[in-house]
Amino acid sequence: MKIKNSKIKKYRHLFLIAYLPIYLAAFFLAEKYITTDYWVSYIPFDDVIPFIDWFVIFYCLWYPFMIVTGLYLLLKDIPAFERYMWFIIIGFTIGIAICILFPNGQDLRPAEFERENIFTDLVSRLYEVDTNTNVLPSMHVIGTVAVAFAVFDSKYLKNVFVRTVTVILTVLICASTVFIKQHSILDVFAGLAISIIVWLIVYRSRLFRKDNPA
């Protein structure tokens with residue numbers, strides 16, 4: 001019994017990964033049922049932001065950005081991995097709860113593209129997969145900021161180059177959400193506000209500090 005408990009304690013961080021399918025199920029349910037009757041996320045400044053098709057590259061980089069960081073921390077820095085996962089769990093749960101309790105969407109997508117190229121084709125495919133609803137707060141922003149905090153938190157990622165690239169990618173990925181008209185700037189602000197709150201919980205409190213802070 002003691003051996004079993006010790007193994008559970010040793011590998012308990014792996015149970016945090018079980019959150020991901022739960023979140024995805026909740027997100028896709030929200031995408032299915034929240035389609036037309038929603039509050040529109042918009043401020044006049046959104047009209048000033050241009051549509052820049054090639055920013056879709058950075059939007060899509062969000063997925064490997066999060067996955068590669070998570071895998072690295074899982075293999076090299078378990079305490080940092082746990083904090084990274086708790087940031088995602090708390091941040092994404094707050095985000096999807098807001099979308100379910102306060103249905104929202106945006107109407108900023110262009111009716112047609114001025115030109116056709118590989119980037120606009122990718123944006124079109126993205127629009128088909130990811131609807132214009134459930135946008136506030138931006139999960140892209142919360143997830144991207146989670147990566148940035150995790151990189152600066154890990155004692156194994158003190159390399160100046162790695163941290164500089166992380167900051168640059170964080171800014172570009174967050175910016176991509178509005179440049180491809182997938183989000184209003186309000187969604188970005190909301191994502192950043194939630195990220196600050198979650199940062200205070202995960203990285204500034206003692207709840208998740210089981211090792212010396214980096």
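Trp39 sits in strand β1, which covers residues 39-40; strands (E, at least two residues) and helices (H or I, at least four) are DSSP runs numbered from the N terminus. The model is predicted, so local features need pLDDT of at least 70 and side-chain atom pairs count only at pLDDT 80 or more, while totals for chains, interfaces and linings use all residues. Residues are numbered from 1 along each chain as its sequence is written, and side-chain values use heavy atoms, with hydrogens and water left out.

Trp39 and Phe102 form a tilted aromatic pair, with 5.4 Å centre to centre and 35° between the planes. Rings of Phe, Tyr and Trp (its six-membered ring) pair if their centres lie within 6.5 Å; planes under 30 degrees apart are stacked, over 60 edge-to-face, and the rest tilted. Phe102 lies in the loop between α4 (78-101) and β2 (104-105) and Trp39 in strand β1, so the pair ties together parts 63 residues apart in sequence.

The whole structure has 17 aromatic pairs. Another one joins Phe27 and Phe28 edge-to-face, at 5.7 Å centre to centre and 70° between the planes. Phe27 is buried, because its relative accessibility is 15%. Phe27 and Phe28 belong to one aromatic cluster with Tyr19, Tyr23 and Phe92.

Terms used. Buried < 20%, exposed > 50% of the residue type's maximum accessible area, 1.4 Å probe, protein only.
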